[in-house]
Amino acid sequence: PSLAGGSLPLLPPRHAAFVHNLFQKFLKEVQGHRNEFYLKIVNIMKDRLASTPELAVHPAKWMESGSGHIRILIAEIGKLWKVLKQYFHLDQTQMIFGETVQQHYNTHLKQTFAAVPLADEGAVERLVNDIKNYKVNIERFGITVLPADDPEANTEENILKYFLPELNATP
């Protein structure tokens, strides 16, 4: 935009319109390629999430060790951040990172938590602590756990309701 704004007034009107249209077409193509690239990165991380054996859901194992799963997931998230920040500006990194976390990692965790039986108080406490740990670690990257325009929607209470809806169903 600044390039076009500085040089277009120097051109005859007919040429300026032609150059402006070419420039707009070029910008659309670049944005399209950027979006495709972002999507590929998000899909790579989704595939990595699905293929990391340590992140396979084993409810019995979760009951024994609890947050080991969360620690591995947070380590994977840290690797993603470390790689992305080398190649992108902060806002771009946060956009890709936020999309990956909110679409894929949250879904993975929600499915994981749904498979863990909540019969005893210890299991519930481990899950709540794991969710709090996940929230703290995600927020240090400058994104919210749940997609929302209002940052106040990402309260601990709302996040617990999202990941553990069955806790809210019990009286």
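**Close-up views of a predicted helical model**

View 1. Leu-22 lies in helix H2 (residues 13–51); helices are DSSP runs of H or I, at least four residues, numbered from the N terminus. The model is predicted: local features need pLDDT of at least 70, side-chain atom pairs count only at pLDDT 80 or more, and totals for chains, interfaces and linings use all residues. Residues are numbered from 1 along each chain as its sequence is written, and side-chain values use heavy atoms, with hydrogens and water left out. With Leu-11, Phe-18 and Val-19, Leu-22 makes a nonpolar surface patch of about 340 Å². Patches are made of residues with over 30% relative accessible area and no salt bridge, nonpolar side chains being joined within 5 Å; accessible areas come from the Shrake-Rupley method with a 1.4 Å probe. Leu-22 counts as partly exposed at 45% relative accessibility (buried is under 20%, exposed over 50%, partly exposed in between).

**View 2. The crossing of H2 and H5.** The axes of H2 and helix H5 (residues 90–115) come within 10 Å and cross at roughly 35°. These axes are lines fitted to C-alpha atoms over the stretch in contact, with angles running from 0 to 180 degrees between N-to-C directions. H2 passes H5 in a right-handed crossing, that is, the near helix is turned clockwise from the far one by less than a right angle. Residues of H2 that meet H5 include Tyr-38, Ile-41 and Met-45, and those on the H5 side include Met-95, Glu-99 and His-104; contact means heavy atoms within 4.5 Å.

View 3. Lys-79 forms a salt bridge with Glu-76, with the closest N and O atoms 3.3 Å apart. The term denotes a side-chain nitrogen of Lys or Arg within 4 Å of a carboxyl oxygen of Asp or Glu. Both residues lie in helix H4 (residues 68–87), three residues apart, about one turn of the helix. Lys-79 is partly exposed at 43% relative accessible area, whereas Glu-76 is buried at 6%.

View 4. Lys-135 pairs with Glu-139 in a salt bridge, the closest N and O atoms being 2.9 Å apart. The two are four residues apart in helix H6 (residues 121–139), so about one helical turn separates them. Here Lys-135 is buried, at 14% relative accessible area, and Glu-139 is partly exposed, at 32%.

View 5. The side chains of Lys-161 and Glu-157 meet in a salt bridge (3.4 Å, N to O). Both lie in helix H7 (residues 156–163), four residues apart. Lys-161 counts as partly exposed at 38% relative accessibility, and Glu-157 is exposed at 52%.

Technical notes. Patches are made of residues with over 30% relative accessible area and no salt bridge: like charges are joined within 9 Å, nonpolar side chains (Val, Leu, Ile, Met, Phe, Trp, Tyr) within 5 Å. Buried means under 20% relative accessible area, exposed over 50%, partly exposed in between (1.4 Å probe, protein chains only).
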